[in-house]
Amino acid sequence: MRQNRQSSQISQSIAVSALLLAALFLLPLLVVAPFRSALFDREEAGEETEEAPPFSGGALDGAQTLRVLDGEEVLEMDLGTYLVGVVRAEMPASFELEALKAQAVAARTYTLYKLHSGGNHGETADICTDHTCCQAYAGEAAARASWGEQAGVYEAKVEAAVKETDGEAVLYGGMPILAVFHSSSAGLTRAAGEVWLNDLPYLQAVASPEQGDRIPNYYSREEFTAEELKDKLLAAFPGADLSGGMEGWLKDPAADSAGSVGTVSVGGVTAKGTQVRSALGLRSACFTWEVQEGKMVFFVTGYGHGVGLSQYGASAMAAAGADYREILTHYYTGVTVEAWRD
């Protein structure tokens with residue numbers, strides 16, 4: 001009997017040990033199993049996170065479809081999407097939001113003007129991405145690469161500038177104007193007639209609060225040897241007499257209403273300051289010159305043609321508290337800013 005009792009006790013001990021051993025292996029599984037989906041599905045859910053949706057124009061901009069010539073390709077997009085690309089390319093996104101809004105409205109107005117005037121591309125496209133013809137344009141990927149760590153903040157600002165001005169345009173006599181713009185002027189913008197062939201009542205000279213010490217290359221310098229200068233001037237003005245010393249090649253400068261070079265005699269040929277600027281690749285037509293150590297040196301203020309909205313001036317006005325409508329009605333004379341419905 002004692003032997004049977006001992007055998008029974010041994011069997012019970014073995015059974016208990018087996019149960020304990022099984023519990024040691026099964027307990028972690030029992031604990032983990034209820035949370036398996038939470039532990040192992042989280043990574044998969046993260047992989048399925050969607051990217052931010054592409055920009056969509058507001059009710060008015062979104063209703064307008066454009067054919068945009070980009071190199072050899074014609075792209076279709078709504079007006080708002082196009083304007084975001086223009087603002088990315090045309091104005092530093094670090095500028096004040098109200099300045100970016102002013103830029104967005106100017107760019108929209110310029111586009112509408114092109115649509116109503118027939119544009120430059122006939123039946124091929126409504127507008128293009130070449131800044132020498134229409135307006136500059138930058139896609140989101142290119143802009144983000146340029147912006148670096150501030151890409152998210154800058155993209156949000158640009159999109160807000162377009163969306164918060166949805167459909168608004170600069171109007172004169174109830175119609176969209178030729179809303180040209182430039183980087184920075186020399187304290188005064190220039191009247192259209194002093195730069196191009198025709199004057200326009202809304203593109204007149206106005207004061208511009210340029211902060212030269214805060215503008216990159218606001219004051220610039222270009223120099224040319226006599227041979228370089230002669231080649232460039234004769235290419236632009238073939239009738240000019242450039243005999244004698246180069247100190248006599250440019251004479252009798254006349255300032256325009258903004259203090260830029262309105263006209264100048266180039267070897268006896270009367271030329272516009274803008275023509276000389278173009279011939280020599282100067283940053284603006286606000287320039288003076290002198291001979292230094294055998295070279296002709298030009299001292300230039302500002303950047304661009306100087307007509308219409310000054311971008312750096314707009315940013316300065318915004319920093320001082322002006323909103324985008326105040327900025328636009330300052331730079332474009334006698335206009336209103338309101339939603340445009342064709």
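**Exercise 1.** How many residues in the lining of the largest pocket are nonpolar, how many polar and how many charged?

*Solution.* Let's start with the ground rules. This is a predicted model, where local features need pLDDT of at least 70, side-chain atom pairs count only at pLDDT 80 or more, and totals for chains, interfaces and linings use all residues. Residues are numbered from 1 along each chain as its sequence is written, and side-chain values use heavy atoms, with hydrogens and water left out.

Step 1: sort by class. Ala, Val, Leu, Ile, Met, Phe, Trp, Tyr, Cys and Pro are nonpolar, Asp, Glu, Lys and Arg are charged, and the others, Gly among them, are polar.

Step 2: The lining has 13 nonpolar, 11 polar and 4 charged residues.

**Exercise 2.** Find which helix gives the most to this lining.

*Solution.* Step 1: list the elements that supply at least two residues each: β6 (181–182), α9 (273–280) and α10 (311–319). Helices are DSSP runs of H or I with at least four residues, strands are runs of E with at least two, and both are numbered from the N terminus.

Step 1: pick the top contributor, which is α9 with 4 residues.

**Exercise 3.** Work out how many disulfides there are.

*Solution.* Step 1: recall the rule, a pair of cysteine sulfur atoms within 2.5 Å.

Step 1: apply it, and the count is 0. C128 is in no disulfide, and its nearest cysteine sulfur, in C134, is 3.5 Å away.
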